[in-house]
Amino acid sequence: MSKRLKIILPVFVLLAILYVIIAARPLSPEIQFIPVWTVDLEAYTKSDSPDFSPEDFENAVSFKMGQTLGYFTPEGKILSYITFPYKATISDESYTLYGTSSYEMQILSPSSKEIGKIQATGFPYFTQDRKFIFLPGGSSFAKLDETGNLQWKYEGFSPITAFSSSKTGTVAGFANGTVLGFDNEGNITHNYNPGGSAYEVIYGAAISESSRFIATLSGQDGQRFVISKKSGSDYGSHTSIVFYKSMEQEVNRQVLIKFSRDEKKVFYNNATGIGIVSTKNFKNTEIPVKGKILSILESENGNEIFVLSKDQNTYTVSTIESFDAFGGSFSFDAESACIAVKGNSLFVGRDGKISRIDIIHR
């Protein structure tokens, strides 16, 4: 070996070592799905059920699959398993069963104790601690208190085609392309048309937790996704469109839209999967998802978004991390399915069975 090579070789080795030390970065943790338990709902019988504590019902998780609904605990105790012949709506706080022409509907707690009654004809809708009823004719709705009494009512003339609520407000979209936002007292806080389409109809709508933002998917022959923002908190403040995106492929069905709890992003179903828009810089990202999106749920820590979609008889659960990172998915065939989130655990229902899957990063 030449004298020159003896000098140069150690220098290169030293530089390589320094590069590895300086450039090395720890690998980001990968998401892992850890199965915890699976319970068979059809094996549940009320007579064989043990006595449950009040804490079990306070921590109850609701499910609805096909013509069945009920509650369970995060530990896998089945609190109730109920079949219904026609229609039902359920949240973690309460549920009701109803028919096509019910004039009185019981509101029941997770322990099946009566909370109140809805003394009206229509189609009730429960979400979290909020209760609504869509009135006959399809163009009017009312907000109810926890016992079923009417708090306020909106009566319109155009069919309601999209609906959503948050802690501070409610949004309704109509077949004529109008979007109305309401506060918790029923006052109209937003009133506008997204426009931009030959045939205006609102296919999906969502309102953020503070009611500052509303997002919609609307129209045919020029379908667009629109985010509007309210300039102030007073009733005279202006609602302005701050983002819109024209759809290259259009859908002609109702779609799901949802804001994250911190209002930093909004998720919407489009023709190819799920779109994600930042409400800070209005960056738009799209992630392919097969089929129609049925649920969009956020983990308690806000680090993951879980998406349930259906393509024919195949259901897929997809995970989105951070803003727009696809974390993975799994699929299964079923007649009916649902997902729920409690803490940082994901619960997946499939044809009479429910499984708990914990999410960890390694």
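Buried residues, those under 20% relative accessible area with a 1.4 Å probe and protein chains only, make up 49% of the 362 residues in the protein. This is a predicted model, in which local features need pLDDT of at least 70 and side-chain atom pairs count only at pLDDT 80 or more, while totals for chains, interfaces and linings use all residues. Residues are numbered from 1 along each chain as its sequence is written, and side-chain values use heavy atoms, with hydrogens and water left out.

The protein has 31 strands and two helices, taken as DSSP runs numbered from the N terminus (strands E, at least two residues; helices H or I, at least four).

Strands β7 (residues 105-108) and β8 (residues 114-118) run antiparallel and are joined by four bridges; two strands pair if DSSP finds at least two bridges between them. Met 105 has Ile 118 in β8 as its bridge partner. Five residues lie between β7 and β8, and Ser 112 in this turn has a positive phi of about 70 degrees.

On a 1 Å grid over the protein atoms alone, a cavity is a set of points where a 1.4 Å probe fits but cannot get out, and lining residues have an atom within 4 Å of a point. Volume is the space filled by probe spheres set on the points, which are joined across faces, edges and corners. The largest cavity has a volume of about 40 Å³. Its lining includes Gly 177, Asn 193 and Glu 200. β17 gives the most to this lining, with three residues.

Notes
1 Å grid on protein atoms, 1.4 Å probe; cavity = no way out; pocket = protein on both sides within 12 Å on 5 of 7 lines; lining within 4 Å. Buried < 20%, exposed > 50% of the residue type's maximum accessible area, 1.4 Å probe, protein only.
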